[in-house]
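These are my notebook entries on one protein chain. I record below what I looked up, entry by entry.

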Amino acid sequence: MERLYTSITNKEQNNNYLQTGKAGEREDFMRENLFMTENKNEAVKIALDHGWSSIKGEHTFMETSVVPVEYTPLTNNGLLEYRGRKYIVGQGRLGKQATKTENDNYFLLTLAGIAKELKVQGKEQAEHVELYAGVPLTLFGAERKEFRDYLWHKEHISFDFEGVHYSFFIDKVKIYAQCYAAIANRMGDMDRLRCVDLGSWTLDVLSVKDRIPMDKDAYTYEMGLITTIERIKKDALPALHCEIPEDDIVDVIRGKQSNVNADFIPFIEKGLQQYADEVEAKLREIKVDLAHENIVYVGGGACVMKRFGRTKGRNIQYVTDVKANAIGYRYLAENLG
């Protein structure tokens, strides 16, 4: 279990540790500790799931666009001010990057996500924060340290978000595996299962045996919802002579189609049925027994599989809460340490 997380934490008054799942290897962070102040106040715990389409906290949801602006916007909605620059965040989807660490976009989104969660918790004046986040399960070994270092700024952080000033230290960063986090506190009496995470750009499949994630039996495919959304738009264009808005497709995915143009719905449903069929075909290809194995669908596509998946049964469950990974990060932090 320990292999699926890593953290920077100060466990003793005079020693800092880098925790990994291998031998609990220690690294001396005394030099970095010069950037830290004595923590007299308990840190506020914040969990964020950094998706390609959205940033989810335990209580909040925000899209991923980051737009620098040189003007003062009409409202403070989504306005982030950091290091003398202004950004409008969360009003649309960010284009896919090669990695989330290649520029400042995801750190800026992290600041906004922390601010949103602090506001919900009524702790806008927090001085210390513990941050829990995640990376794709098949890239956990390769990306966890890089993403942790990207998020863990050693200096005091100060910024304004939506007209509120925030100022704190990030005392601790822990990185967990997406997909497993989404089911870690939801397995009930299931000792063995397959977790299928349908995200914006990828389809992840993880086997769990005796409640332990089998990281050697994990798969990732580029079969995310964004590709399906773009295909629906393209396929419908010749017949409708207009492009179906992405928000309408997302509303149908979430079962909120009352405001969607009735002419759009057959094209959207056809495209989502095709996606569900492709997912089930891929699972059969990697020898997943849909009829008998315990299967848990998570992520944004869980709603699609619940409605359009052709294989139904008591062995198949759906975690449709898009905040499930963030909730799972907090759960793992509190139960794994």
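**Entry 1: a glutamate in a helix**

I looked up E280 and found that this residue is buried, with a relative accessible area of 3%; buried means under 20% relative accessible area, exposed over 50% and partly exposed in between, with a 1.4 Å probe and protein chains only. I noted that the model is predicted, that local features need pLDDT of at least 70, that side-chain atom pairs count only at pLDDT 80 or more, and that totals for chains, interfaces and linings use all residues. Residues are numbered from 1 along each chain as its sequence is written, and side-chain values use heavy atoms, with hydrogens and water left out.

E280 belongs to helix 6 (residues 265–285); helices (H or I, at least four residues) and strands (E, at least two) are DSSP runs, numbered from the N terminus. Leaving aside residues up to four places away in sequence, I listed L290, Y297, M305, G309, R310 and T311 as what E280 touches. Contact here means heavy atoms within 4.5 Å.

**Entry 2: nonpolar cores**

I then turned to the cores; a nonpolar core is a set of buried Ala, Val, Leu, Ile, Met, Phe, Trp, Tyr and Cys residues joined through side-chain atoms within 4.5 Å. The largest has 67 residues, and V89, F159, F168 and I183 have the most contacts inside it. Helix 1 (residues 105–121) supplies the largest share of this core, nine residues. A second, separate core has 35 residues, including L240, I286, Y297 and V304.

I also looked up the neighbours of F168. Not counting residues up to four places away in sequence, F168 touches, among others, I114, L118, V129, I157 and F159.

**Entry 3: helix 8**

Helix 8 (residues 324–336) has 13 residues. From its first C-alpha to its last the helix reaches 17 Å, close to the 18 Å expected at 1.5 Å a residue; the expected span is 1.5 Å times one less than the number of residues. Its buried residues are A324, N325, A326, G328, Y329, L332 and A333. I found that they pack against several elements, including strand 3 (44–50), strand 11 (164–177) and helix 3 (180–183).

**Entry 4: two positive phi angles**

Most residues other than glycine have a negative phi. I noted that R83, although not a glycine, has a positive phi of about 50 degrees. R83 sits in the loop between strand 7 (79–82) and strand 8 (85–89) and counts as exposed at 61% relative accessibility. R211 is likewise not a glycine and has a positive phi of about 70 degrees. The loop that holds R211 runs between strand 13 (203–209) and strand 14 (212–221), and R211 is partly exposed at 32%.

**Entry 5: salt bridges**

How many salt bridges are there? The count comes to 18, where a salt bridge is a side-chain nitrogen of Lys or Arg within 4 Å of a carboxyl oxygen of Asp or Glu.

D149 and R148 meet in one of these at 2.8 Å, N to O. D149 is partly exposed at 35%, whereas R148 is buried at 2%.

E278 and R231 form a salt bridge at 3.0 Å, N to O. This pair links distant parts of the chain, with E278 in helix 6 and R231 in helix 4 (residues 225–240), 47 residues apart.

R307 and E269 meet at 2.5 Å, N to O. R307 lies in helix 7 (residues 302–308) and E269 in helix 6, so the pair ties together parts that are 38 residues apart in sequence.
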